[in-house]
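Subject: Handing over a structure

Hello,

I am passing on a structure for you to look through. Please open it alongside this note, and take your time with it.

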Amino acid sequence: MAEKKTKKSKESKELFAEFPNLYKDISKDDLEACMNYAEEYKAFLDISKTEREFVENAIEAATDLGFVDIESKKTLKAGDKVFSSIKDKGLVLAVIGKKPVSEGINILGAHIDSPRLDLKPNPVYEDAEAAYFKTHYYGGIKKYQWTTIPLAIHGVIFTKDGVKHKITIGEKDEDPIFYITDLLPHLGNEQMKKNASEFISGEDLNVVIGGMPLKDAEKEPYKAYVLKYLNDNYGIVEKDFVTGEIEIVPAMKARDLGFDRAFIAAYGHDDKVCAYPALTALLTQERPSKTCVTMLTDKEEIGSYANSGAQSVLYENFLMELLAKTNKGTFDLLTYRKAIAASKMLSTDVSNAFDPKYASVSDSRNTAYMSKGIKLEKYVGARGKSGTNEATGDFVAEIVSVFDKNSIPWQTGELGKVDAGGGGTISAYMAKHGMNVIDAGVPVWSMHAPYEVISKIDIYYTYLAYKAFIENI
Ligand SMILES: [Zn+2]
């Protein structure tokens with residue numbers, strides 16, 4: 001009996017797909033490595049809340065490891081490490097491989113913008129003896145989630161003389177924070193009857209920034225107080241706001257979540273929880289077989305437009321430059337197109353993790369779960385796969401084989417039930433160049449909320465998955 005049972009369970013193991021919780025069988029050493037990686041990620045995240053900050057910190061980390069601006073190189077050879085800033089809001093980095101670029105490159109592509117509130121071009125006003133900023137939200141948010149939480153201001157603003165002023169207020173313990181009010185429940189009868197999408201309108205996402213009048217001000221003393229403060233500290237005047245790229249983000253640091261510290265709660269996991277492993281997996285490369293590239297793009301949350309989004313030719317220019325500079329400066333379009341068509345990419349973006357509280361929106365057999373590793377998503381899209389890339393079966397087989405050979409756990413699924421909604425990533429914009437692309441990233445709870453949740457073991461194994469991909473595919 002015993003023998004038969006063993007045989008049966010072996011058969012079952014091979015026949016059935018199993019996706020275990022990875023904390024179940026993790027070794028002490030792996031758990032320690034996972035916890036250490038999580039600490040590095042949290043520290044990087046806390047200083048990289050905006051795309052500009054992420055780019056700056058990524059360039060600093062890369063430069064320390066010998067990466068240089070591709071502009072400074074006339075030719076490139078195996079082992080060379082280069083990067084190019086995309087308008088200071090996107091970044092693309094490469095380590096040149098031993099094989100020619102014309103044989104194809106391995107790409108990891110994440111985005112480093114996150115949902116937030118941007119200042120309007122003329123944001124400062126006063127009302128009922130308090131001063132406010134007007135905002136315009138960026139990306140898909142539930143607007144009510146942004147009320148009554150501590151907010152910080154991050155960004156840049158340019159004065160008439162062309163000088164760029166960096167502003168970060170609300171992150172240090174001694175800094176003030178900013179705030180969007182909500183109605184007290186005692187007077188909330190009418191509000192509570194509304195749909196959640198109508199609790200607060202976009203025009204009402206106004207941020208409290210002051211409440212003291214400027215003595216002897218000729219007009220609007222509360223607004224004048226704020227303008228004088230900004231002028232004294234940054235030299236800016238009201239008209240300069242039109243140049244500003246000021247983002248309002250949660251003033252909360254990344255924190256361990258749970259008695260066992262299994263999870264991390266933080267602002268901006270989407271998609272920095274994939275961008276960070278995509279960056280660190282590349283930074284560890286020395287002389288890879290194929291040329292490896294990490295793309296960190298901007299504007300994904302609003303459709304990958306603008307000159308810093310994944311649809312911008314600036315990312316392609318970098319790939320063209322890789323081909324030309326590894327080929328003594330010669331370039332022809334057909335060779336380039338064939339090189340890109342021979343390339344392979346993981347679109348490293350997050351997906352939703354199954355949440356038992358909201359089980360009804362997911363197909364439990366086709367969804368990602370927390371702590372089960374990287375999620376391979378053949379397609380995204382909405383309403384009948386509309387607008388999505390779809391990875392070919394051949395390519396999925398290649399990825400799964402590399403992951404299995406390197407003991408990388410993975411899971412798979414869709415973004416919610418068929419008619420429940422949907423989403424997109426940068427994969428479709430890259431696939432149109434002919435390369436094989438599949439979405440592969442970390443599952444998230446409360447995606448797009450001001451404070452999102454991921455599992456430490458998922459980001460750790462995702463990092464190992466990205467490394468296995470660029471080194472072995
Ligand atoms: Zn997103």
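Below are a helix pair and a few backbone details. Please keep in mind that this is a predicted model.

Let me begin with the helices. Two packed helices are described by the angle between their axes and the distance between the axes. Here helix α2 (residues 28-46) packs against helix α11 (residues 456-472) at an angle of about 95 degrees, and their axes are 9 Å apart. Angles of 65 to 115 degrees count as roughly perpendicular, so α2 and α11 are roughly perpendicular to each other. On the α2 side, the residues in contact are Asp30, Ala33, Cys34, Met35, Tyr37, Ala38, Glu39 and Tyr41. They meet Lys456, Ile457, Ile459, Tyr460, Tyr461 and Tyr463 in α11. By class, this contact has 11 nonpolar residues, 3 charged ones and no polar ones.

Now for the backbone. Which peptide bond is cis, with omega near 10 degrees? It is the one from aspartate 270 to aspartate 271. Aspartate 271 belongs to helix α6 (residues 269-283).

Aspartate 216 has a phi of about 65 degrees and lies in the loop between β9 (207-210) and α5 (221-234). With a relative accessible area of 80%, aspartate 216 is exposed. For arginine 261, phi is about 60 degrees; this residue sits in the loop between β11 (255-257) and β12 (263-266). Arginine 261 is partly exposed, at a relative accessible area of 47%.

Conventions. Residues numbered from 1 in each chain as written. Predicted model: local features only at pLDDT ≥ 70, side-chain atom pairs only at ≥ 80, totals over all residues. Heavy atoms only, no water. Helix = DSSP H or I, 4+ residues; strand = E, 2+ residues; numbered from the N terminus. Buried < 20%, exposed > 50% of the residue type's maximum accessible area, 1.4 Å probe, protein only. Axes fitted to C-alpha atoms, helices over the stretch in contact; angles between N-to-C directions. Parallel < 35°, antiparallel > 145°, perpendicular 65-115°, else oblique. Contact = heavy atoms within 4.5 Å. Nonpolar A, V, L, I, M, F, W, Y, C, P; charged D, E, K, R; others polar.
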